[in-house]
Amino acid sequence: MGNPRTATLTFLGAAGTVTGSKYLLTVDDRRVLVDAGMFQGEKRWRLKNREPFPVNPSTIDDILITHAHADHTSYLPALVKHGFEGRIWCTEPTAALTEIVLRDSAKLQEQSVQDATRGGWSQHEHPTPLYDTADVEATLPLLTTVEWETNVDIAGVLWARWVRAGHILGSASIHVEVGPRSVLFSGDLGRHSHPILQGRGAPEAADLVVCESTYGDREHPEPEIPHEPFADAIRRTVGRGGQVIVPAFAIDRTEAVLRALVEMRRAGRIPDVPVAVDGPMTLKALDVYRSFADELADTITLADYTDLRLIETRDPSASKRLNGRTDPMIIISSSGMAEGGRVLYHLERRLPHARNTVVLTGYQALGTRGRALEDGAPVVKINGHYIPVKAEIVRDTEFSVHGDASDLIDWLRALGKQPDVVFLTHGEPHASAALRKRIADDLGWVAVVPRHGEVVSLT
């Protein structure tokens, strides 16, 4: 690639917040977007999903995707709806999972509009989804798969290379070369080892690094007995005749929870009660994991759930029957932050009863129902109704596949070359600030927490 006259990087998401990842590379008159996630959590961020995109989507040439999670992909159909027609580059597993995520996102939005219209609790006279199923179907043909660690010519102005990030199936860090300059986008980074997947790779050093900081202010626990708070919650809840509800992300988290339950059951640490996985998206994602066996760790067999009395509910009628049961059992359902999906119906029915337990298995962003439950809210609002929280709330911190502060420092150190600047994104302000200080103290590098909308020069 030749030397560009001008090249800039603009932070359009995940700057000052942990969602909505979007980074715009402008090289002369060409535009390439890295990630296209929706904002979640606090209302001030969610409202940005409805604002006009800062540049006309029809002027974006290509989009590069690090991984399939909604906060990195679910804005794609909105861009297509408003004129984007270029290629969306990602790994093959990411393409398979993104198809599931986007279809589910449109379905949830359409259902939410129907519920709000029928229930009369929307603040808008005529509520509409950000995009619909037709927009998703127009988006899917644009997905273009790449090979691992292979240079790809993007829009004729830059090279991009995907390296395993060890976060979820297909997740990558993307190394971009813009003329003589380079930028490394970490994506979401996994821990040193993943319970299901191959470990993260070692990307090439870059002049600028955009690094996530979700857990930049903390360390993950390393207990002697894995997932004991989860196992203890199951034992106590079953003992009092209740049910355990597990809001879990459909992608990767459900697989990890099932694996943990298998190991608990084999060790006799939890009673033999039914385990339900509720939701077509979750089960489709499980099927995708099974289909990419070469991406999994050698010791994992996702098909081996014979130790569990597993119930799979793929259709709404089966889910309704499940929601009507009162016998002791474990129900795994998305979404992981309790912001949508079938888990809301399970929570609405079970939160008011002290015999039940909700086990939170991942990061809960500010402004989400999951965060409200984690913080001890006495009441949460679901489907237009205020629901009292009498159920026990438990947090299992071991499931996170985001790298903690030490994981992030080790990933940066392994680059082997000091970048000019490390930009810390995808974190709440206190987490990003803590990681910035640690980078300065441990590595002696310059780290900056960019502002939303900030532009930096690459030339």
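User: Is His-385 buried, partly exposed or exposed?
Analyst: This is a predicted model, in which local features need pLDDT of at least 70, side-chain atom pairs count only at pLDDT 80 or more, and totals for chains, interfaces and linings use all residues. Residues are numbered from 1 along each chain as its sequence is written, and side-chain values use heavy atoms, with hydrogens and water left out. Buried means under 20% relative accessible area, exposed over 50%, and partly exposed in between, with a 1.4 Å probe and protein chains only. The relative accessible area of His-385 is 45%, so His-385 is partly exposed.

User: Which residues is His-385 in contact with, leaving aside its neighbours within four places in sequence?
Analyst: Contact means heavy atoms within 4.5 Å. His-385 is 37 residues from Glu-348 in sequence, with 8.8 Å between their C-alpha atoms. With those neighbours left aside, the contacts of His-385 are Glu-348 and Val-380.

User: How many helices and strands does the chain have?
Analyst: Helices (H or I, at least four residues) and strands (E, at least two) are DSSP runs, numbered from the N terminus. One of the strands is β18, residues 385–388, where His-385 is placed. The chain has 13 helices and 22 strands.

User: What is the radius of gyration of the chain?
Analyst: The radius of gyration is taken over C-alpha atoms, and the globule rule is 2.2 Å times the number of residues to the power 0.38. For 459 residues the rule gives 23 Å, and the chain comes close to this, so it is as compact as a globular protein of that length; its radius of gyration is 22 Å.

User: Which residues of helix α12 are buried?
Analyst: Helix α12 spans residues 405–413. The cover over its buried residues includes β9, β10, β11, β20 and α13. The buried residues of α12 are Ala-405, Asp-407, Leu-408, Ile-409, Trp-411 and Leu-412.

User: Where is His-426 found?
Analyst: His-426 is not a glycine, yet it has a positive phi of about 50°. Its relative accessible area is 3%, so His-426 is buried. His-426 is found in the loop between β20 and α13.

User: What is the relative accessibility of Asp-252?
Analyst: Asp-252 is placed in the loop between β12 (244–247) and α7 (253–266). Its phi is near 80°, a positive value in a residue other than glycine. Asp-252 counts as buried because its relative accessibility is 2%.
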